[in-house]
Each structure stands twice: as structure tokens, then as C-alpha cells.
Amino acid sequence: MNKLDYQSDTEWKEHSFSKIYECSELSEGTCRIVAGVPNGDPAVFKRLALCLKPPYYLLYVLHTPRGEGDPGRYQSPGLSAVQLCEFIARFKSFLSADARFDIWAHSPSENATVVWERHNLIYAYGPLEKFSTELSSMGFSKGELNIPFPHQHHYQHEMDEDAKSLLAFCEWSYSPLRAEDKQ
């Protein structure tokens with residue numbers, strides 16, 4: 001199971017990014033790291049999030065629910081590094097194979113955020129040198145990332161119970177989706 005397929009001629013094929021990342025400029029003097037997540041491996045998100053100082057606040061952006069909850073933004077209370085790792089280990093399969101959500105990890109003390117979005121891309125804002133070093137240690141190299149078109153997202157019915165369990169993981173604070181969250 002995977003989050004994203006692309007169309008090659010008349011056939012749909014599973015999409016997986018290579019171990020590539022790039023630095024992209026947001027505005028003059030402000031940059032971010034963008035990295036592909038090969039095979040939807042949650043270790044990439046975990047290792048980049050752990051570059052930051054705890055506590056971590058997760059933001060689970062549920063944009064395409066399948067009955068597990070209302071569409072919206074679910075923010076966790078502050079989590080320790082151990083709790084963050086437990087969350088990722090518990091929901092590893094769901095995080096890697098389902099595209100109904102985006103997930104963010106934020107460190108207020110560093111004003112830094114790591115975002116894993118529905119196309120299996122990670123956007124990292126904050127200590128770019130730490131992020132680059134961590135990605136390099138995982139075998140990533142600099143390159144150019146492109147989302148294939150046409151493509152389709154997968155919302156796995158086999159994962160519906162995991163989606164419900166994720167919303168029961170902690171006491172999430174709920175807010176409605178923002179315009180930029182909607183599909």
C-alpha cells in the first residue's frame with residue numbers, strides 16, 4: 001500500500017521518491033528544505049523532527065476523512081521525544097500508506113516545523129543545516145523534486161481503524177480546516 005500513484009501511458013504505477021532533497025527559497029533570505037519520502041518511510045519524518053528540541057506539538061490535518069472524525073486540524077499536547085517516537089512507531093503503517101492527512105511536528109522553543117504532506121514530501125523550516133546533515137546521514141543527496149502528473153492519492157479502507165486509533169492517541173485540540181488545507 002502506498003499514498004500516491006502516477007499514470008504512465010495507460011497504466012497506474014506506485015510512486016516513490018528517490019533519496020533527494022532541495023533547498024528552496026520562500027522569500028529573500030528565507031529558505032526551507034524539501035525532501036522526498038522514499039516508500040513513505042516514517043523514519044525520515046521522525047529523524048528530522050528529532051533534530052528539534054522538545055516538547056513537540058503534532059498537528060494532524062485531516063483533510064479527507066473516511067468516518068473516523070471531522071475534517072479539521074487536530075493539535076496534540078506537548079510530547080516528549082519518547083512520546084513522539086511511540087506515536088510514529090504505533091502508526092507507522094498508516095502514516096506511510098494513507099493520503100487522507102498531512103502531519104506536522106513543531107518545536108516552539110526553536111520556532112521550527114517539519115511537515116509531511118500527502119504527496120510524500122517533507123517541508124522542514126528552521127535549522128536547515130541540521131536537517132541537511134541528517135538527510136545526508138540517511139543517504140540523501142541534493143537534487144530536484146517533482147510531483148508526477150497525473151497522479152492519484154490513496155485513502156486505504158484497511159487503515160480506517162488506525163485512523164480512529166490515531167484520533168484516540170491523545171487529547172487533541174480541534175480547529176476547522178483552513179482554506180489552504182482543503183483538497
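**A tour of charged pairs and rings**

Start by selecting Arg-118 and Asp-102: they form a salt bridge, with their closest N and O atoms 2.7 Å apart. (A salt bridge here is a side-chain nitrogen of Lys or Arg within 4 Å of a carboxyl oxygen of Asp or Glu.) Arg-118 sits in the loop between strand E8 (112–117) and strand E9 (121–125), while Asp-102 belongs to strand E7 (residues 101–107), 16 residues apart. Helices (H or I, at least four residues) and strands (E, at least two) are DSSP runs, numbered from the N terminus. Arg-118 counts as buried at 10% relative accessibility, and Asp-102 is buried too, at 8%. Buried means under 20% relative accessible area, exposed over 50%, and partly exposed in between (1.4 Å probe, protein chains only).

A quick note before moving on: this is a predicted model, in which local features need pLDDT of at least 70, side-chain atom pairs count only at pLDDT 80 or more, and totals for chains, interfaces and linings use all residues. Residues are numbered from 1 along each chain as its sequence is written, and side-chain values use heavy atoms, leaving out hydrogens and water.

The structure holds 10 salt bridges. Next, pick Arg-47 and Glu-134, whose side chains meet in one at 2.6 Å, N to O. Arg-47 lies in helix H1 (residues 42–49) and Glu-134 in helix H4 (residues 128–137), so this pair ties together parts 87 residues apart in sequence. Arg-47 is partly exposed, at 31% relative accessible area.

Now go to helix H5 (residues 160–167), where Glu-161 and Lys-164 lie three residues apart, about one turn of the helix. Their salt bridge has its closest N and O atoms 3.5 Å apart. Then select Arg-66, Glu-68, Asp-98, Arg-100 and Asp-160 together: salt bridges that share partners join them into one network.

**On to the rings**

How many aromatic pairs does a search of the whole structure find? There are 10. Rings of Phe, Tyr and Trp (its six-membered ring) pair if their centres lie within 6.5 Å; planes under 30 degrees apart count as stacked, over 60 as edge-to-face and the rest as tilted.

Show Tyr-60 and Tyr-74: their ring centres are 6.3 Å apart and their planes are at 55°, so the pair is tilted. Tyr-60 is in strand E5 (residues 57–62) and Tyr-74 in strand E6 (residues 72–75); both are buried. Then try Phe-91 and Phe-169, with centres 6.0 Å apart and planes at 80°, an edge-to-face pair. Phe-91 is buried at 2%, whereas Phe-169 is partly exposed at 29%.
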